[in-house]
Amino acid sequence: MTGVLALRVAGAQRRTGAAIVLLVVLAVVLAVATGIEVVQGRDYVMWHVYGSAWFATLFGLLGANMLASVLIRFPWSWRQTPFLLTHIGILVLLFGAWLT
């Protein structure tokens, strides 16, 4: 029983670590893109950063990680409501950003 719990905790830390790395990379990319936008203009950044395949992949990986973190905890209990609302809210924001 203790071994199973240890494996679940280790798996959760790996998923959390991946999400943190993705969020940090996204924050750095957005900060750099903002700087480039000031120098080069909006159209340049829209084409070379926001419209690029690697940026869409970054969003997709973050969204997949968020979705997996929600689905892993199914069936949900009432005490998980704040966690679910937070992660579903992030998924909605990512989806809206992807659409625009």
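User: How far apart are the end C-alpha atoms of H3, and what should its 19 residues span?

Analyst: The 19 residues of H3 should span 27 Å at 1.5 Å a residue, and the end C-alpha atoms lie 26 Å apart, which agrees. The expected span is 1.5 Å times one less than the number of residues. This is a predicted model, in which local features need pLDDT of at least 70 and side-chain atom pairs pLDDT 80 or more, while totals for chains, interfaces and linings use all residues. Residues are numbered from 1 along each chain as its sequence is written, and side-chain values use heavy atoms, without hydrogens and water.

User: Which residues of H3 are buried?

Analyst: Phe55, Leu58, Phe59, Leu62, Gly63, Asn65, Met66, Ser69 and Val70 are the buried residues of H3 (under 20% relative accessible area; exposed is over 50%, partly exposed in between, with a 1.4 Å probe and protein chains only). Down the axis of H3, these buried residues fall within an arc of 155 degrees, so they line one face of the helix. The arc uses directions from the helix axis to the C-beta atoms.

User: What makes up the largest nonpolar core?

Analyst: The largest nonpolar core has 12 residues: Leu22, Leu26, Val29, Ala33, Val45, Val49, Phe55, Leu58, Phe59, Leu62, Met66 and Leu94. Such a core joins buried Ala, Val, Leu, Ile, Met, Phe, Trp, Tyr and Cys through side-chain atoms within 4.5 Å.

User: Which elements give two or more residues to this core, and which gives the most?

Analyst: Helix H1 (2-40), helix H2 (42-50) and helix H3 (53-71) each give two or more residues to this core. H3 gives the most, with 5 residues.

User: What does Phe55 touch?

Analyst: Setting aside residues up to four places away in sequence, Phe55 touches Leu26, Val29, Leu30, Val49 and Tyr50 (heavy atoms within 4.5 Å).

User: Where is Tyr50 found, and is it buried or partly exposed?

Analyst: Tyr50 is in helix H2 and counts as partly exposed because its relative accessibility is 27%. Leaving aside neighbours within four places in sequence, Tyr50 contacts Leu30, Ala33, Thr34, Glu37, Val45 and Phe55.

User: How far is Tyr50 from Ala97?

Analyst: Tyr50 and Ala97 are 47 residues apart in sequence and 9.9 Å apart in space, C-alpha to C-alpha.

User: Changing topic, how many helices and strands are there?

Analyst: The protein has 4 helices and 0 strands, running α-α-α-α from the N terminus. These elements are DSSP runs numbered from the N terminus: helices H or I of at least four residues, strands E of at least two.

User: What share of the residues is buried?

Analyst: Buried residues are 22% of the 100 residues in the protein.
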